[in-house]
Amino acid sequence: MTIRKWVMDDELKDSCMLLASVSISLLTGFAGAWLAPGMRQTYEMLAKPVLAPPGWVFGPVWIFLYILMGIAAYKVFLAGWNRKEVRDALFYYGAQLVFNFMWSILFFRFALAEVALLDAIILAALVVITTMKFSRIDTVAGWLMVPCMLWVIYAAVLNFAFLA
């Protein structure tokens, strides 16, 4: 095998890993939305607090955030799966994806705003932990998580405002 072929194989492998990481993140969001049909219509019918954005904002923001999260996870994975701190950080990343997936189903499909708030609080804590753990492994990965962390905290406050 030539050096050029070896390098190209690694580049292809890295590209596939990046694509897989971003796809897992995006699919989590799409699956949650798919299992909570009518989210936009339900949101439009809610009595909204002052700090609530228009409904059309959520889709583009979440797509952007899921892409950033996928890139961040990819960068952490590249630091070496054999490292305990990488596996630990990715565990928290996976846990926050699960709670992220569940929130829209709880809030919109089952109209369990109180349970969704609990989910949002746990999600926010997991995203903060993930961001800190990612930062210790790869500074850029940590910074890529910051917009998600801020948005999730905002979403938890918004969820609380809907209950008030």
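This is a predicted model: local features need pLDDT of at least 70, side-chain atom pairs count only at pLDDT 80 or more; totals for chains, interfaces and linings use all residues.

**Notes on α6**

I began with a kink: α6 bends by about 30 degrees at Val146, and a proline, Pro147, follows within four residues. The bend at a residue is the angle between axes fitted to the seven residues ending there and the seven starting there. Helices here are DSSP runs (H or I, at least four residues), numbered from the N terminus.

Residues are numbered from 1 along each chain as its sequence is written, and side-chain values use heavy atoms, leaving out hydrogens and water.

Next I checked the length of α6 (residues 139-163): its 25 residues should span 36 Å at 1.5 Å a residue, and its end C-alpha atoms are 37 Å apart, which agrees. The expected span is 1.5 Å times one less than the number of residues.

**Notes on α3 against α6**

I then looked at α3 (residues 58-78), whose axis comes within 8 Å of that of α6, crossing at roughly 145 degrees. Axes are lines fitted to C-alpha atoms, for helices over the stretch in contact, and angles run from 0 to 180 degrees between N-to-C directions.

**Whole chain**

Zooming out, I found 6 helices and 0 strands in the protein chain. I also noted that its C-alpha trace spans about 65 × 25 × 25 Å along its principal axes. From the N terminus on, the elements run α-α-α-α-α-α.

Terms used:
Helices (H or I, at least four residues) and strands (E, at least two) are DSSP runs, numbered from the N terminus.
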